[in-house]
Amino acid sequence: MSNKLRSIVDKIKPTFCEGGKLAFLHSTFDAFETFLFVPNTVAKRGSHVRDCVDLKRLLIIVIMALVPAFCFGVWNIGYQHSAAFGLDYGFWQIIGYGLLRIIPLYLVSYLVGLGIEFASAQIKGHEVSEGYLVSGFIIPLIVPVDLPLWQLAIAVAFAVIFGKEIFGGTGMNIWNPALLTRAFLFFSYPSQMSGDVYWTGGLHRFITEGTCWFPGTAVADGFSGATPLASASLEGLAARGISAMDLFIGNVGGAVGETSVVAILIGAVILIYTGIASWKIMLSSVAGALLVGWLGQIGGATDLPCWYQLIMGGFAFGTVFMATDPVTAAQTECGKWIYGFLIGALCVTVRLFNPGYPEGMMLAILFGNTMAPLIDHLVVNATLKHYSKNA
């Protein structure tokens, strides 16, 4: 099968090469070819590792690590909807409703983001950047499921143009594009992105007849419920019947991909095993959160045990999938420890001492991204001074 596909691609390739009728679409053709097949070229100068795993294959592994969080998120959308309206949905009805709500977000995320990437590559005559494959997958997992699609489109366009392309594309950006999308939405539409409410959709009741789905009796358009972060105390969580196990499993309200720590940990194992993400950043982020959470607990700022901070809100998702972004994170080994600790500590600090914004992970990671070059600079300088003294 692969040989036949390779033969087809080779036959049409001259049309898109220099001198061909569609040579102006060379960047677009190259993007699809390298997605299907590993390129047969390597770097010709400098010191590089020659390996069959190129950037596209690496990013596909990251997407595979995100799949457990995506799958649980789809189920949780339908589950929260069914429970809120007493609809008594079965498993496939829950999954169907979840997909119905999240697929439009993915369509907008990829159509807008990749559209800009492809247009930019065509204008510049460069290869299409692959980095948005992961960003486009993450964005729908960290925004409200009821977000108006036009707002998402504007936010994605802002993040790709001003967060990536203006710096030179994939590998040159300072901030994580997915988080820039969320930050744009947060500052433009704060009431929808505060982190203390989530939306449960109504639309219609769905009834099944055989294998077909039909819209049934209309119910309310939806309502907003409080997330666990809005009840960040033992009494508040107990009053709502939310246990630590609920938070760990993820059957609570919140952003689509951020609720299930179990699903996120599966992704973390994949990323650490393949060497794609830094376990040092993850571990130091957890240490920073635990320390500040413990200080807040003994200081009376919260009655929650410090480890609750790890299973609430977007901490786990941010630590595993966004703080570890190799482009925007610290690069030095010592710097990774400092960078991760800073993010974890700042996240919990915002949660405890900023009542207007119960979730602090987004701002913590963006601040960490901003400080990463300075952290690496200081670490390198300190190392050079150490060796110069001992020379």
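Q: How much space lies in the largest cavity of this predicted model?
A: This is a predicted model, so read its values as computed ones. The structure holds 1 cavity of 30 Å³ or more. The space in the largest cavity comes to about 70 Å³.

Q: Which elements give two or more residues to the lining of the largest cavity?
A: Let's start with the residues themselves: Leu179, Arg182, Glu258, Gly314, Gly318, Met322, Glu359, Met361 and Met362 line the largest cavity. Some of these sit in helices that supply two or more of them, and those elements are α7 (177–188), α13 (315–322) and α15 (361–390).

Q: How many residues of that lining are nonpolar, polar and charged?
A: Glycine counts as polar here, and Gly314 and Gly318 are both in the lining. Among the other lining residues are Arg182, Glu258 and Glu359, and Arg and Glu count as charged. The lining of the largest cavity divides into 4 nonpolar, 2 polar and 3 charged.

Q: Are α11 and α13 roughly parallel or roughly antiparallel to each other?
A: Now for the neighbours of α13. The axes of α11 (residues 279–298) and α13 come within 9 Å and cross at roughly 150°. Angles over 145 degrees count as roughly antiparallel, so α11 and α13 are roughly antiparallel.

Q: Which residues make the contact between α11 and α13, the pair with the right-handed crossing?
A: By class, this contact has 5 nonpolar, 2 polar and no charged residues. On the α13 side you'll find Phe315, Thr319 and Val320. On the α11 side they are Met282, Ser285, Val286 and Ala289.

Q: Is α5 roughly parallel or roughly antiparallel to α13?
A: The axes of α5 (residues 132–142) and α13 come within 12 Å, with a crossing of roughly 175°. The cut-off for antiparallel is over 145 degrees, which means α5 and α13 are roughly antiparallel.

Q: Are α10 and α13 roughly parallel or roughly antiparallel to each other?
A: Here the axes of α10 (residues 261–273) and α13 come within 10 Å and cross at roughly 15°. The crossing is left-handed. Since angles under 35 degrees count as roughly parallel, α10 and α13 are therefore roughly parallel.

Q: What is the class make-up of the contact of α10 with α13?
A: In α10, Val261, Ile264, Gly267, Ala268 and Leu271 take part, meeting Ala316, Phe317, Val320 and Phe321 in α13. Gly267 is one of them, and Gly counts as polar. By class, the contact has 8 nonpolar, 1 polar and no charged residues.

Terms used. Residues are numbered from 1 along each chain as its sequence is written. This is a predicted model: local features need pLDDT of at least 70, side-chain atom pairs count only at pLDDT 80 or more; totals for chains, interfaces and linings use all residues. Side-chain values use heavy atoms; hydrogens and water are left out. On a 1 Å grid over the protein atoms alone, a cavity is a set of points where a 1.4 Å probe fits but cannot get out, and a pocket is an open set with protein on both sides within 12 Å along at least five of seven lines; lining residues have an atom within 4 Å of a point. Grid points are joined across faces, edges and corners, and a volume is the space filled by probe spheres set on the points. Helices (H or I, at least four residues) and strands (E, at least two) are DSSP runs, numbered from the N terminus. Axes are lines fitted to C-alpha atoms, for helices over the stretch in contact, and angles run from 0 to 180 degrees between N-to-C directions. Angles under 35 degrees count as roughly parallel, over 145 as roughly antiparallel, 65 to 115 as roughly perpendicular and the rest as oblique. Contact means heavy atoms within 4.5 Å. A crossing is left-handed if the near helix is turned anticlockwise from the far one by less than a right angle, and right-handed if clockwise.
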